[in-house]
Amino acid sequence: MTTEQLLLYVLFPIAGYLLGSIPFGWLIGKSKGVDIRTVGSKNIGATNLGRTLGKKFFWYAFLLDAAKGFFPVLFAAHLAQTGSFPAWTPLLTAAACVLGHNFPIWLKFKGGKGVATSLGVALGFWPLYTCGGIAGGLTFIFVLMVYRYISLASIIAATAFAGTITILSQKNPPGLHTELAPADLLPMITIAWFFAGVIIFRHRANISRLLKGTEPQVGQKHVDKARLDK
């Protein structure tokens, strides 16, 4: 195995998982004297942090969670382009980053929901996943503005992301250079839907609250389950 192969197939994915495991939401909360795992929805992600500490802390956590996905994939994609590697190779690092965020080794594998980190890895993998990430981001903003549910916006945006990649990978729009060899096509689409599936699965409690009408909207505090049961 060459040095480049060792980096792309082994070391970058390991580094991606470890970086993805960094619980920025939890660390920011601890710096303010709050264990984010014990308040609100008890999730370590940006949404719960923002509801607990304020809007600016949402953005701190969101941007840091996106960055820990963006940079490892960007480096992996750059290295893959310098050699004769399959187009899907950087997705090994991308998947590792998302799994690290959702199942962080530092917090006994109890992590966030992967929205910000998935966006980060998508933007770092030009052009196909970047286009999907932009489509997902715009969808997120639109749904959030209309319905004011972050969870609903995340679920629909994840579906839009994977759907966009599925369409673009087969249509090959001029100027985007998204032409893929048959051996690359299936991994690209599969990993895209894997990301979407993980996000939707991690929002299963939110889906239940949406159906019951108890999911908090933007600007509302999380309603504790114990109160709902009374």
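I take buried as under 20% relative accessible area, exposed as over 50%, and partly exposed as in between, with a 1.4 Å probe and protein chains only. At 73% relative accessibility, Leu 211 therefore counts as exposed.

Before going on, I note that this is a predicted model, in which local features need pLDDT of at least 70, side-chain atom pairs count only at pLDDT 80 or more, and totals for chains, interfaces and linings use all residues. Residues are numbered from 1 along each chain as its sequence is written, and side-chain values use heavy atoms, with hydrogens and water left out.

Entry: Leu 211. I found Leu 211 in helix 10, residues 204-212; helices are DSSP runs of H or I with at least four residues, strands are runs of E with at least two, and both are numbered from the N terminus. I also checked Leu 211 against Gly 29: the two are 182 residues apart along the chain, and their C-alpha atoms are separated by 30 Å.

Entry: Asp 65. Is Asp 65 buried or exposed? Asp 65 is buried, at a relative accessible area of 2%, and lies in helix 4 (residues 55-82). I looked for partners and found that its side chain makes a polar contact with the side chain of Lys 68 at 3.2 Å. A polar contact is a pair of N or O atoms within 3.5 Å; within protein, one must be able to donate a hydrogen and the other to accept it, and residues adjacent in sequence count only if both atoms are side-chain atoms. Setting aside neighbours within four places in sequence, I list Ile 22, Phe 24, His 101, Ala 116 and Thr 117 in contact with Asp 65, where contact means heavy atoms within 4.5 Å.

Entry: helix 3. I list Ala 46, Asn 48, Leu 49, Gly 50 and Arg 51 as the buried residues of helix 3. These pack against helix 2 and helix 4. Gly 54 follows helix 3 and has a positive phi near 125°.

Entry: backbone. Most residues other than glycine have a negative phi, and most peptide bonds are trans. I noted Lys 42, which has a positive phi near 65° and sits in the loop between helix 2 (24-31) and helix 3 (46-53). Lys 42 is partly exposed, at 44%. Phe 109, in the loop between helix 5 and helix 6, has a positive phi of about 65°. The peptide bond from Trp 126 to Pro 127 is cis, with omega near 0°. I placed Pro 127 in the loop between helix 6 (115-123) and helix 7.

Entry: helices 7 and 8. How do the axes of helix 7 (residues 128-147) and helix 8 (residues 150-171) cross, and within what distance do they come? They come within 7 Å and cross at roughly 150°. Axes are lines fitted to C-alpha atoms, for helices over the stretch in contact, and angles run from 0 to 180 degrees between N-to-C directions. Helix 7 and helix 8 are therefore roughly antiparallel; angles under 35 degrees count as roughly parallel, over 145 as roughly antiparallel, 65 to 115 as roughly perpendicular and the rest as oblique.

Entry: helices 5 and 9. The axes of helix 5 (residues 90-102) and helix 9 (residues 182-202) come within 11 Å and cross at roughly 5°. That makes helix 5 roughly parallel to helix 9.
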